[in-house]
Amino acid sequence: MEIPENVKKRLSIPADEHFYAGHTACQGCGASLGIRYVLKAYGRKTIFTIPACCSTIIAGPWPYTAFEANLFHTAFETTGAVMSGIEAALKAKGYKVKGEDGVMVVGWAGDGGTADIGLQALSGFLERGHDAVYIMYDNEAYMNTGIQRSGSTPYGAWTTNTPGGKRHFLEKRHKKKVIDIVIAHEIPYAATASIAFPEDFIRKLKKAQKTPGPSFIQLFAPCPTGWRSPTDKSIELARLAVQTAYFPLFEYENGRYKINMPSTKKEPKPIEEFLKLQGRFKYMTKEDIEILQNWVLHEWEKLKKLAEVFG
Amino acid sequence: MAEYKPIRKVVSGNYAAAYAVKHARVEVVAAYPITPQTSIIEKIAEFLANGEIEGLEYVPVESEHSAMAACIGASATGARAFTATSAQGLALMHEMLHWASGARLPIVMVDVNRAMAPPWSVWDDQTDSLSQRDTGWMQFYAENNQEVYDGVLMAFKIAETVNLPAMVVESAFILSHTYDVVEMIPQELVDEFLPPRKPLYTLTDFDNPIAVGALGGPNDYYEFRYKIQKAMEKAEKVIHEVGKEFGERFGRDYSQMIELYRTEDADFVFMGMGSLMGTVKQAVDILREEGYKVGAAKVRWFRPFPKKELYELAKSVEGIAVLDRNFSFGQEGILFNEAKGALYNTDAKPLIKNYIVGLGGRDFTVNDVRKIAENMKAIIDKGELDVEVDWYHLKR
Ligand SMILES: Cc1ncc(C[n+]2csc(CCOP(=O)(O)OP(=O)(O)O)c2C)c(N)n1
Ligand code: SF4
């Protein structure tokens, strides 16, 4: 029987499970889905480094682990450095690192551990050219310490240290474009991905695996707890983030940009569709929404230009 | 066992450390430069560039915090890992020192003792390493370049036996940049003394994956701490054994955690750590000729702390002059504080006085030891202290 095209695509997601049920994420946690896909893509021959973040907890307390792969829990700002040390040790010991049959060295860090406190170690890791994959799961705040802003928190979002109130005190800065900082290091492969598009994510993980040198993937991973969103809306939110061009999916490969989604031919959906499902944006005024919408479209135009000129 | 014929080289303390790293067949070096440590990591890079070292991955990281983090990643993967630093660099590493001991990784580091800023100072002072006292690292203080070399080799063996990291401490410029003859050990003999590391665990058993450093609740954390203490206690025994073995193989015995110099019949002794004890030993010889019955007690290992050896010494003398090239603000010299604490619940109660000396590289000479001896003799004759903590060099 002829397998329909859409089903064929889905077969690209490996059936193997290496992430155990019984992990301790909240219901509807985007990060935990992300972990599951990374483990599917890379399997057991993987060494994870996880800094302080929600995933420390998700992986389970001692003596348990939800990961069927080796895992080293480390300090908040050290993901890039610990990965570098693991990779160096593997090489000193004669292991093949990266590639189809090599050991995968994976850093799995939140946006706080990547965009803020861990930026220096990330930069060092990228610049030295280690054969490893750094995945930043972006839930747009410090969730583990109780929902405080990070450099990756968007304009207008409520967090516990940018609360809304009488004086309309909210996050006044736009989301830090970590991926642009990463690309400035001119590494061979960087991409954005989303838990709403697992085939795309797995394909990117595989590409990162095959590409020698450091790779970076920024994964959009909704957090119902911190976003004040219904636990069954995480995938929908992640999809809307792409469809509104709030979090477009693209790849950067050796100087070339390629947009994967949304379609560059269609107008992105209005940002309200993404915002309205979440409690964290409830303090935004009409003007605030307009400011955010303008920023999103401006960044989207920039990206389209990059893809056009350097495609 | 092949016959031991030492190779004599005239090297700085820092080069002695670099040679020891080479001879120890270290697999990963991750480091960041800081004066006066820099020439250690430069020399290692030079060895690599000249093809004199094989099987070493050198990671020129972007900070000391990352240097220790990278060593931790490497050591957890099963490699023998090394780094070196000084002062501000060591302070920046502090968080990760806890991580290394908590994950039970036998990383070895050379710290070149340097004063902490401000004011900026690049000279000798032990407060940097002693500030790391409670991180679960063993600490060995070297008196001379030979002890830097020997110390690194022994530190790896001891660390890998008890699964705790170890720091070998040498003094800024006095050792780091001063050349002296060092007897090095031929590679085959180092290999016999220090075989390849057998890790407690590694991240490379892909059939039996593990998670290291996960959340430890109140039901478990306590026992993890206790086990580190047990490892420290075991280290005392291992230090004696490895130090003795080193002596048998290479003629320099390190079986004592406190090296005693002419203390047998001493009325009082000078106690301290690191390079200043070289000066003290010389002074003891001179003072002995002048009729003082004095000796020197060089504390080699500060962690684990040599309580038993200190007790034995304290029983036999009337006074101990503790020379601290360091200070704990709001209290007193750190070695003094430790020594007093160690003796409190014992029957050994010599007069014990603290002299703060040499901070930030202030010169400390034989003549200074003589003045301290005069003062010690006076207080012992009187039977009571004049002051407990004496800022000896203070310009009054
Ligand atoms: C040096 C240091 N500072 C602060 C913390 C406290 N801390 C732990 S996790 C965390 C936030 C993590 O945020 P992020 O990286 O975005 O991951 P998430 O929790 O959202 O998954 C903070 C601030 C720490 N562990 N270490
Ligand atoms: S707080 Fe958010 S990111 Fe953390 S486990 Fe819960 S849903 Fe996941």
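User: Leaving aside neighbours within four places in sequence, which residues is A:P198 in contact with?

Analyst: This is a predicted model, and A:P198 is found in helix α8 of chain A, which covers residues 198-210. Once the neighbours within four places in sequence are set aside, the contacts of A:P198 are A:I13 and A:Y37.

User: Is A:P198 buried or exposed?

Analyst: Buried residues are those under 20% relative accessible area. The relative accessible area of A:P198 is 12%, so this residue counts as buried.

User: What distance separates the C-alpha atoms of A:P198 and A:S32?

Analyst: Along the chain, A:P198 and A:S32 are 166 residues apart.

User: Where in chain A does A:W300 lie, and which residues does A:W300 touch?

Analyst: A:W300 belongs to helix α12, residues 286-309 of chain A. With a relative accessibility of 1%, A:W300 counts as buried. Residues up to four places away in sequence are not counted here; the residues touched are A:A245, A:P248, A:I259, A:P262, A:S263, A:T264 and A:P268.

User: How many Å separate the C-alpha atoms of A:W300 and A:T145?

Analyst: These two residues are 155 places apart along the chain. Their C-alpha atoms have a separation of 32 Å.

User: Why is chain A as compact as a globular protein of its length?

Analyst: Chain A contains twelve helices and eight strands. For its 311 residues the globule rule gives 19 Å, and because the radius of gyration of chain A is close to that, the chain is as compact as a globular protein of that length. Along the principal axes, its C-alpha atoms fill a box of roughly 60 × 45 × 45 Å. The radius of gyration itself is 19 Å.

User: What share of the residues of chain A count as buried?

Analyst: The accessible surface of chain A is about 12700 Å², with 54% belonging to carbon and sulfur atoms. Among contacts between residues at least 6 apart in sequence, 70% join residues at least 24 apart. Of the 311 residues in chain A, the buried share is 60%.

User: Turning to chain B, how does its radius of gyration relate to that of a compact globule?

Analyst: Chain B has twelve helices and 16 strands, and its C-alpha trace spans about 70 × 55 × 45 Å along the principal axes. A compact globule of 396 residues would have a radius of gyration near 21 Å. Chain B agrees with this, at 21 Å.

User: What share of the residues of chain B count as buried?

Analyst: Chain B exposes about 15600 Å², of which carbon and sulfur atoms supply 52%. Among its contacts between residues at least 6 apart in sequence, 81% join residues at least 24 apart. Of the 396 residues of chain B, those that count as buried make up 61%.

User: How much area do chain A and chain B bury between them, and which residues of chain A lose the most?

Analyst: In this interface, 37 residues of chain A are in contact with 42 residues of chain B. The two chains bury about 3100 Å² between them, 66% of it on carbon and sulfur atoms. On the chain A side, three residues together account for 21% of what that side buries, and these residues, which lose the most area to chain B, are A:W62, A:N70 and A:F72.

How values were computed: Residues numbered from 1 in each chain as written. Chains lettered and ligands numbered in written order. Predicted model: local features only at pLDDT ≥ 70, side-chain atom pairs only at ≥ 80, totals over all residues. Heavy atoms only, no water. Helix = DSSP H or I, 4+ residues; strand = E, 2+ residues; numbered from the N terminus. Rg over C-alpha atoms; globule rule 2.2 N^0.38 Å. Buried < 20%, exposed > 50% of the residue type's maximum accessible area, 1.4 Å probe, protein only. Contact = heavy atoms within 4.5 Å. Areas by Shrake-Rupley, 256 points an atom, 1.4 Å probe, with all protein chains shown as cover. Buried area = accessible area lost by both parts, 1.4 Å probe.
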